[in-house]
Amino acid sequence: MNRLAGVTSPYLLQHADNPVDWWPWTPEAFEEARRRDVPVLLSVGYSACHWCHVMAHESFEDDDTAAYLNEHFVSVKVDREERPDVDAVYMEAVQAATGQGGWPMTVFLTPGAQPFYFGTYFPPAPRHGMPSFRQVLEGVTAAWADRRGEVDEVAGKIVRDLAGRALAYGGQGTPGEEELAQALLGLTREYDPAHGGFGGAPKFPPSMVLEFLLRHYARTGAEGALQMAADTCEAMARGGIYDQLGGGFARYSVDREWVTPHFEKMLYDNALLCRVYAHLWRVTGSDLARRVALETADFMVRELRTPEGGLASALDADSALPDGSGEHAEGAYYVWTPGGLRDVLGEDDAEFAMRYFGVTEEGTFEHGSSVLRLPQDAGVADSGRVASVRERLLAARDQRPRPGRDDKVVAAWNGLAIAALAEAGGYFDRPDLVERATEAADLLVRLHLDDGARLTRTSRDGRAGANAGVLEDYADVAEGFLALASVSGEGAWLEFAGLLLDGVLERFTGPGGQLYDTARDAERLIRRPQDPTDNAAPSGWTAAAGALLSYAAHTGSEAHRSEAERALGVVKALGPRAPRFIGWGLAAAEALLDGPREVAVVGAPGDTGMRSLHRAALLGTAPGAVVAAGGPGGDEFPLLADRPLVDGKPAAYVCRRFVCAAPVTEVEALRRELAPRG
């Protein structure tokens, strides 16, 4: 047992029994490297990472490799999901040096934490032009012993280059019609009209871009934006990237047609996509969008909810083969062969299922197996038969060895899930989903938020982790609390969001409107990480801008709105040039251009008319509109102040840019007030 025993990260605990003498990321590890005068091996990954498992099995579980590491290095293992700041800083260095990045990330550092040699996965023997891991270790050891001056010079240059990359996009003005139109044009050029989505393989769900497209359509009526969003959502929902039996999305598709996924299921993807499909339904009324939104919400609750009420981070891509051999394989839990279908369904229904789900004799995946999907040419099917087949296949799949679950609770991703579950519950009359969102929010307040309104990044088994929250934690949790406040009518969530966003203003902002990923009093790394572009989830920078804007609309706070506008300067700069990578910022810019609108719904709790107006307000498509609902004269929401009933009836008040329309008491009138105005 090495020094990883007792940590809260499931990924680190996977390595606790390695013969490698791992250290967690601590000052003591670097002090040990200084004492021994050896370099540091930094290995970064996460629990659902397939190639992280492969390298662990090939190298870190190998006694000879471990002995060499223990003699010549101090080895530090980092969970990128617990320490996104460490991951971001060294990934930037890897990408700058090699032109690419990924996980596992392998970086060699001086005892001063300065990087000097980089890579990702290294095989146990030379392969495809890659050196073996042992060759890399021996080369680094020789350089450290014989060319120390050269190593120090390289490390110093890398750190100086990274330090010169600070961004200063604040103060350039807010994005306007021109920038958003250019962003839409750029997306159109990169759109895949045959299969939906953007670019080629591998193809990732473009969740943040889809939010922008839906908001842009809602504000301007641009049919092309809606078409790209709707067609992409349909293609993903019909593809193998979507679990056709249990709901929920895999991380990405290895092909451009969405057929074969990389099978891990991440909380952030499913939270973002649940919300996208709910918003698509809100615009179009699509039955497919409604089904996928609810199935994805139910997947999150069923498969990822923890006993404490939070939501776990991920399900693994790999699982044990059902043959009892104990061997693990990617996708083993999800794929089917024709023979497997016949065993469960019998001959006739198996033939039907093969056509309906695109299962072939030769297979669409590995070893003659297929990933279930819904091919366009399957034709019209009997819905009752489809439901029966799904139910039996799901029951049979439930008997297979299940993928491992990373059950740590990440604050940011739970914030995204709270927003998705709350909105799905509000839209589709599913109070149970709102309850699950509330329970997750309660956990974050109870366990992750201290008396000084500082967030802890992770928890596990009801125990808070040791790592401070980063910008995306504050922004995404605030976003979740704001959505929950709008749906539930409980103003306490608005107050908690305000505490978090005050923390953003005080500790994460720079002098020119730029934002940093870590607080000014956080652990000092070789540079303070700062990235406004989306990755798998919204960047902390643009997520904070969106949450600040919503909070300002709720409260009238000029300080929060001004900071949101300053932060959105980065969208003015990057939106026209790289729209695929700043979709959340573009969506926030749409809200800014529309107002955003402020909707106050007043009425007695439980009143039927009040409930109808509240739901109509939630279903309004005006970009970024905020909703406050409560009794007349209530003090939970600032928007409810001085909003009386109208002739004794529940009423809705809609304001935009300091101008308020006359209150309305009818649902249709409210819908008209929330319609696009340009």
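The model is predicted: local features need pLDDT of at least 70, side-chain atom pairs count only at pLDDT 80 or more, and totals for chains, interfaces and linings use all residues. Residues are numbered from 1 along each chain as its sequence is written, and side-chain values use heavy atoms, with hydrogens and water left out.

**Disulfides**
- The whole structure holds two disulfides (pairs of cysteine sulfur atoms within 2.5 Å).
- Cys49 bonds to Cys52, S to S 2.3 Å.
- Their link is right-handed, with 80 degrees about the S-S bond.
- Cys49 and Cys52 are both buried (buried is under 20% relative accessible area, exposed over 50%, partly exposed in between, with a 1.4 Å probe and protein chains only).
- Cys655 bonds to Cys660, S to S 2.0 Å.
- This link is also right-handed, with 105 degrees about the S-S bond.
- Cys655 is buried at 3% relative accessible area, whereas Cys660 is partly exposed at 45%.
- In sequence order, the bonded cysteines pair 1-2, 3-4.

- Cys233 is in no disulfide; its nearest cysteine sulfur, in Cys274, is 12 Å away.
- That distance is too far for a bond.
- Cys233 is buried at 1% relative accessible area, and Cys274 is buried at 0%.

**Helix 11**
- Helix 11 runs over residues 267-284 (helices are DSSP runs of H or I, at least four residues, numbered from the N terminus).
- Of its 18 residues, 15 are buried, so the rest of the structure largely encloses helix 11.

Terms used:
Helix = DSSP H or I, 4+ residues; strand = E, 2+ residues; numbered from the N terminus. Expected span 1.5 Å × (residues − 1).
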